[in-house]
Amino acid sequence: MKRSFFAVLLLGSAMPAFAQESQDAPPSPVIFPQLELVDAAPVEAETPDAPQAAPALSPMGSDEAFERAQLAFATGDYQAALLFGDTAAAARNAEASTLVGLIHKDGLDDGEPDAYAAALAFRRAAEQEEPIALYELGLMAIAAQGGLAPVSARGYFSRAARAGHIPAMVEYAVILRE
């Protein structure tokens, strides 16, 4: 497969020469350079009973997993977003935990909202004072979803408001006014 890719790549680099020729001139023959296909590493002969080595996988960092989760979310691949988001969240990435919570809250992964899974993900992010997660926990608490009590909404909105989340400031002001 690599060999055909490189051959196509080399052939593709000769294509602009065709486009530049004038329509009046007879087409000149295209002479391709002699290609020698060489493997990057020599392949040793395998014996049928030799153990196969597992391919080396590079570990994915939290930031890379979160970037992939965001890209998958933006393209509508919520299953992949959830997978990569969970990976980043396991490494204590608060924004990834928030993304996972939003996917569960809206049921984007399987069509069924899961308030308990959303609350768990939001709580994980709230431990690091992530304002969106705190705000979402406040909204869920007001609606008594995910095992949250409405009386806890004030604390979530207060923490999110201190972090600068404007909708949380409004919700907190409404609670204080009441």
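Me: In which loop is Glu129 found?
Reply: In this predicted model, local features need pLDDT of at least 70, side-chain atom pairs count only at pLDDT 80 or more, and totals for chains, interfaces and linings use all residues. Residues are numbered from 1 along each chain as its sequence is written, and side-chain values use heavy atoms, without hydrogens and water. Glu129 has a positive phi, near 60°, although Glu129 is not a glycine. Its place is the loop between α5 (115-126) and α6.

Me: Is Glu129 buried, partly exposed or exposed?
Reply: Buried means under 20% relative accessible area and exposed over 50%, with partly exposed in between (1.4 Å probe, protein chains only). Glu129 has a relative accessibility of 38%, and therefore counts as partly exposed.

Me: Where is Arg92, another residue with a positive phi?
Reply: Phi of Arg92 is near 65°, and Arg92 is not a glycine. The residue sits in the loop between α3 (78-90) and α4 (94-106).

Me: How many helices and strands does the protein have?
Reply: Helices (H or I, at least four residues) and strands (E, at least two) are DSSP runs, numbered from the N terminus. Read from the N terminus, the elements go α-α-α-α-α-α-α-α. The count is 8 helices and 0 strands.

Me: How do α6 and α7 run relative to each other?
Reply: Helix α6 covers residues 131-142 and helix α7 residues 153-162; their axes (lines fitted to C-alpha atoms over the stretch in contact) lie 8 Å apart. The packing angle is about 160°, on a scale from 0 to 180 degrees between N-to-C directions. Angles over 145 degrees count as roughly antiparallel. The two helices, α6 and α7, are therefore roughly antiparallel.

Me: Which residues of α7 make the contact with α6?
Reply: Contact means heavy atoms within 4.5 Å. On the α6 side the residues include Pro131, Leu134, Tyr135 and Gly138. On the α7 side they are Ala153, Tyr156, Phe157, Arg159 and Ala160.

Me: Which elements are among those covering the buried residues of α7?
Reply: The buried residues of α7 are Ala153, Tyr156, Phe157, Ser158, Ala160 and Ala161. Their cover includes α5, α6 and α8 (166-177).

Me: What share of the protein's residues is buried?
Reply: The protein has 178 residues. Of its contacts with a separation of 6 or more, 42% join residues 24 or more positions apart. The buried share of residues is 28%.

Technical notes:
Angles under 35 degrees count as roughly parallel, over 145 as roughly antiparallel, 65 to 115 as roughly perpendicular and the rest as oblique.
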